[in-house]
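Reader: I would like to go through a model with you, taking charged side chains and sheets in turn. Please give the general idea before each case.

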Protein chains: 2
Amino acid sequence: VTAPVSAHGRGSPPRLPGDHPELRARVLELLCSPEFEYVSIHDIEVYRARVLEWCRIFAREGLSGLAFPREFGGEHDSAKHVTVFETIAFHDHSFLVKFGVQFGLFAGAIFQLGTRRHHERWLHAAVTLDLPGCFAMTETAHGSNVRDIETTATYLRESDEFEIHTPNSDARKDYIGNAALHGRMAVVFAQLYTQGSSQGVHAFLVPLRDESGRTLPGVQIEDCGWKEGLNGVDNGRILFDHVRVPRENLLNRFGDVASDGTYTSPVASAGRRFFTMLGTLVAGRTAIATAALSAAKSALTVATRYTHARRQFGADGQPERPVLDYLSMQRALLPRLAATCAVHFALQDLKRRLNQSDPVSAQEIEVRAAGLKAWASAHAVETIQACREACGGQGYLEANRLSILRADTDVFTTFEGANAVLLQLVARGLLTEYREEFGDLRLWDVVRIVTGRAATAITELNPIATRRTDADHLRDPDFHLSAFRWREARLLDGLARRLRRSIQDGQNAFDAFAACQDHAQALANAHVERIILESVREGIEQQQNPSAADVLNQLAALFALATLEKNAAWLLEKNYLESPKAAAIREQVNTLCRELRPRAVEVVESFGIPGGVGLGLGLGLGGSGGWG
Amino acid sequence: VTAPVSAHGRGSPPRLPGDHPELRARVLELLCSPEFEYVSIHDIEVYRARVLEWCRIFAREGLSGLAFPREFGGEHDSAKHVTVFETIAFHDHSFLVKFGVQFGLFAGAIFQLGTRRHHERWLHAAVTLDLPGCFAMTETAHGSNVRDIETTATYLRESDEFEIHTPNSDARKDYIGNAALHGRMAVVFAQLYTQGSSQGVHAFLVPLRDESGRTLPGVQIEDCGWKEGLNGVDNGRILFDHVRVPRENLLNRFGDVASDGTYTSPVASAGRRFFTMLGTLVAGRTAIATAALSAAKSALTVATRYTHARRQFGADGQPERPVLDYLSMQRALLPRLAATCAVHFALQDLKRRLNQSDPVSAQEIEVRAAGLKAWASAHAVETIQACREACGGQGYLEANRLSILRADTDVFTTFEGANAVLLQLVARGLLTEYREEFGDLRLWDVVRIVTGRAATAITELNPIATRRTDADHLRDPDFHLSAFRWREARLLDGLARRLRRSIQDGQNAFDAFAACQDHAQALANAHVERIILESVREGIEQQQNPSAADVLNQLAALFALATLEKNAAWLLEKNYLESPKAAAIREQVNTLCRELRPRAVEVVESFGIPGGVGLGLGLGLGGSGGWG
């Protein structure tokens, strides 16, 4: 081991810089203890029980409620909570999701959507896991489009109660974690009706089971059964048949009903109220993004070590060559390794922002969390797949863990917001510059403003820059940053112009936007990638150790150039690149792969994943298989 | 249902044209019978026993040996055998792989590498499954590089026997299907030693277990355990400790040892002999390609039906819209649907060629099978992933089958030749124009010839064609074909020139080729895609029904344009396209997606997959999930 990637690491091996190193070390130590060994992942009963037990241990150790105020056992530090989550992701994703459902979504909703009375009565029990709970938002017919869920919560003045009801089978709560077995209460999202009219979606605390685990009257629960992965989580479907709860069970921070049925809210606009309530998902999306990153790091650690050691073929009379020496293998792994390191910095940055959510920056953080969740989860799925293939048949053996990572994290692209939907949300956020809530987008006004602004941000193309193909220029961080910024600004400008034309032609905003989904998606990705590049550049500037800065510079350059290569068609089309430069970028990606090859093992060691977590790090890898 | 895609289909729904419709129908009927229902895929003992039973039923029904001559229960028709395999892939992939190991690899090796005495003694028992067997080629340390396997088979003149031996633990046979439980004999690939010298890799019949299933002396077998998927297949590791077999157990078609130890072979060159023996894999690679295609068809059937029915979001005051109406969903599914239909024709064509393998075309077919296996398996992995994501949380439920397809087929990119290695093999085949065996590539001579030839194949660019952006031109099959041919020829020419330069500069052939792997991979893909496009065009020309020809034309155009879009950067770089044309191609892909949208369900119905196979076709899909 030559040089540390970071000064944060204590001893060997060096570490990528990260927040809360002591907390991280403590969580890892716990996860490597015998209590966290697996019993079985193929016996679903055993696995689910084990995962519940792991949640209990974390609660007992005071690691479940760091996001909440001290009086409820925490430190009021969302970033620390995410760090715990991010670190659990090195171990087991069923545990991760169960932990997230109980302490992030269920307890988080009580804290964020409830008021003092809810906090005092329920929050402590949620944090200690004395009250296992669910976050019942999704319905069978409404996953992405939550605003149109159909479960009703009707205020009954005569008994001062809400009646929670599932009006049809498509309105059942679906895929709800903790529901099939362990949940005793749920935060149920429902359309609030009072005095004969609807006030939109609100959240209610609804008991599901008694202390002995029996389902309560009027509540019907089905088990979702086996899933691709995450089978340690007991997902279920919940139907309510005129279930009554006290009026006080409305989580009333953003909307309340008086005993006479009068509705009041501190948020005037129904649209803004809805999106404010969904704000509870921001920490969850950030957490999922970090967990996806942890999974990608785990996979790359296995695959890099393996392809470094595994030999196959060679020149006549020479020893066989490590497969990571081959260009096609470097191409498959190293740009993904570089992107993984780059997004690491962006997520550290996003975590820090979680704790400073003033109303002004809140919507910007929402957009950023949505974009990074979509980007990181898609990146994880692709990276884990590449790692599985890089390890050949050995990668397909469960003992070597890649297949489990793959199966568990696949749904990260779907839950907490489907990626395709989140990317559209990012594009809308950029178009509105966070000034409007996404729901009530007055597209026409907004588009006029943005078009003017974005156009000025697109600097004139410099004919010399579009042609330069020398290594100094291609590796210059300023070139990378300006290319990423130009790409984002140009896509934003183009999208705004297209929308303006459509609306001028009389199309409604919905159809106009729908016709540009591919453009919007390209913009959202360009936005996220610009943020990632800026974050890694900032991280490098703070780096004291020259050798670490050197390898980080190579990784950042590889991330930047591989991203430009992936988007070369569009950049050529828009004359940002000329042909020889596109070819030179491709060749420079190859050069960077070859340069980084000797430091690849050192880079994955900087992730600091101990061999004792999860099913281990595939250390038993002995060879790659064909198939007899 | 408006118009049939093919006249082959009897009744409704219409079918894509395919060989052996009666055989296919018979196999599907059998697969839908109660004997093929699942008991469990989570109890590995139960699943493995069930899969063995399914193999027995197929043997009993005379469906296991169609590739072999009539005297051994077959029809000497490899294409029919592949059709059975392709159809099984609609049901269960563990069954598929076990079937392939027993009847394709084990029996196939006896037939192709053995001679009359082996056929008479063993082939019938292999085909009836009275003799369950293994194909023991891969070793722990040698998967792709089979030529360097280390298991030895030493001729002992004193006893007229071969001694099979595993010299070190990395030389154990690894990942061998049928080995952990059921195999009683194996075709073992080993380095043949006689009279003190090595004659290279040969295959030997080696008994593993007695009739009661007990492992024989000197044979040690381990179970590979749980895998990502295919857990109905009992993969194992085999070690041999000086195990003796009679001299007659050498499969001696391509090399024999006389009782005095003299080695003889009808194939003079050791390299050519080795690749001739590997020729047994051609039918296997073809079969894997067709199975990957079947899996992609299954996934697209589920996802297309679901996204056609599933509604989410909509314009204000309008009903929610089917999610397949959205451009981003069309973009995710429809180009993959088009590619699936296109490769269908290429694989039908490849199947037909299997039966006419004269020595001249044998190497061309080998290259084609390698390329199509790599292309189709990568396509299947990507397509199934896209389908899983398109179905959201519902796609993640095991009951809806996509996750099983995903887990089972993931290893298709690895077994029967890792894709990255196969693509390099394709590129070598093109460079040598099939005139030399790949092993003894005299690169310098070959490259000189190819360079001259390929250069003349690249027609001068027509400045009008590079600029035309009208729909007539963009949809013109001649434009597509000429673009695909130009791309392949240009990549071949470029690769040959690069290699020539490197060799002139004194680099050895191995290093010269290794430095161009990305280029070689691009060439191999271009070659396969050209073959696919030509096949689908031929299929359309034979199409009698105008409505069917119409939809096939749209699908072929979408495949062609989406492929050009994916490679637009390179085409722009080489000035084959100009910017406005690249933009027009992108827009035309969108247009074709919108046009094909209303016929998408009809297209997946043309695949003719009955709902009763496998775990069903996800017909229970009721809604897409988020995650509570």
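This is a predicted model: local features need pLDDT of at least 70, side-chain atom pairs count only at pLDDT 80 or more; totals for chains, interfaces and linings use all residues.

Reader: How many salt bridges does the structure hold over all chains?

Author: Side chains of opposite charge can pair when their charged atoms come close. Over all chains, the structure holds 84 salt bridges. In one of them, K173(A) meets E139(A) with N and O 3.0 Å apart. K173(A) belongs to strand β4 of chain A, whereas E139(A) is in the loop between β1 (133-136) and β2 (152-156), so the pair links distant parts of the chain, 34 residues apart.

Reader: Are K173(A) and E139(A) buried or exposed?

Author: Buried means under 20% relative accessible area. K173(A) counts as buried because its relative accessibility is 1%. E139(A), at 0%, is buried as well.

Reader: Which parts does the salt bridge between R244(A) and E161(A) tie together?

Author: The side chains of R244(A) and E161(A) meet at 3.4 Å, N to O. R244(A) is in strand β9 (residues 243-246) and E161(A) in strand β3 (residues 161-165) of chain A, so parts 83 residues apart in sequence are tied together. R244(A) is partly exposed at 43% relative accessibility, and E161(A) is partly exposed at 21%.

Reader: Where do R353(A) and D349(A) lie?

Author: Both R353(A) and D349(A) are in helix α8 (residues 327-354) of chain A, four residues apart, about one turn of the helix. Their salt bridge has its closest N and O atoms 3.2 Å apart. R353(A) is partly exposed, with a relative accessible area of 23%, while D349(A) is buried at 13%. Elsewhere, salt bridges with shared partners join R172(A), D174(A), E222(A) and R237(A) into one network.

Reader: What is the nearest side chain of opposite charge to R209(A), and how far away is it?

Author: A salt bridge needs a side-chain nitrogen of Lys or Arg within 4 Å of a carboxyl oxygen of Asp or Glu. R209(A) is buried yet has no salt bridge, and the nearest side chain of opposite charge, D234(A), is 5.8 Å away. R209(A) sits in the loop between β6 (197-207) and β7 (219-223) of chain A. Its side chain reaches the backbone oxygen of G183(A) at 2.8 Å. Leaving aside residues up to four places away in sequence, R209(A) touches several residues, among them N178(A), H182(A), R184(A), R214(A) and I221(A).

Reader: Which backbone oxygen lies 3.3 Å from a polar atom of the side chain of R117(A)?

Author: That oxygen belongs to E248(A). R117(A) is in helix α5 (residues 116-128) of chain A and is partly exposed, with a relative accessible area of 35%. Beyond four places in sequence, its contacts include R247(A), E248(A) and D256(A).

Reader: In what order do the strands of the open sheet in chain A run?

Author: The three strands have the order β4-β8-β7, with antiparallel pairing. β4 (173-176) and β7 of chain A stand at the edges with a single partner strand each, so one side of each has no neighbour in the sheet. Neighbouring strands are turned by 20° against each other on average, direction ignored. β4(A) pairs with strand β8 (residues 236-240) over two bridges, and I176(A) has G236(A) as its bridge partner in β8(A).

Reader: Which strands form the open sheet in chain B?

Author: In chain B, three strands form an antiparallel open sheet in the order β4-β8-β7. The twist there averages 20° from one strand to the next. K173(B) stands opposite I238(B) in β8(B).

Key
Residues are numbered from 1 along each chain as its sequence is written. Chains are lettered from A and ligands numbered from 1 in the order in which they are written. Side-chain values use heavy atoms; hydrogens and water are left out. Buried means under 20% relative accessible area, exposed over 50%, partly exposed in between (1.4 Å probe, protein chains only). Lys and Arg count as positive and Asp and Glu as negative; His and the chain ends are not counted. A polar contact is a pair of N or O atoms within 3.5 Å; within protein, one must be able to donate a hydrogen and the other to accept it, and residues adjacent in sequence count only if both atoms are side-chain atoms. Contact means heavy atoms within 4.5 Å. Two strands pair if DSSP finds at least two bridges between them. Axes are lines fitted to C-alpha atoms, for helices over the stretch in contact, and angles run from 0 to 180 degrees between N-to-C directions.
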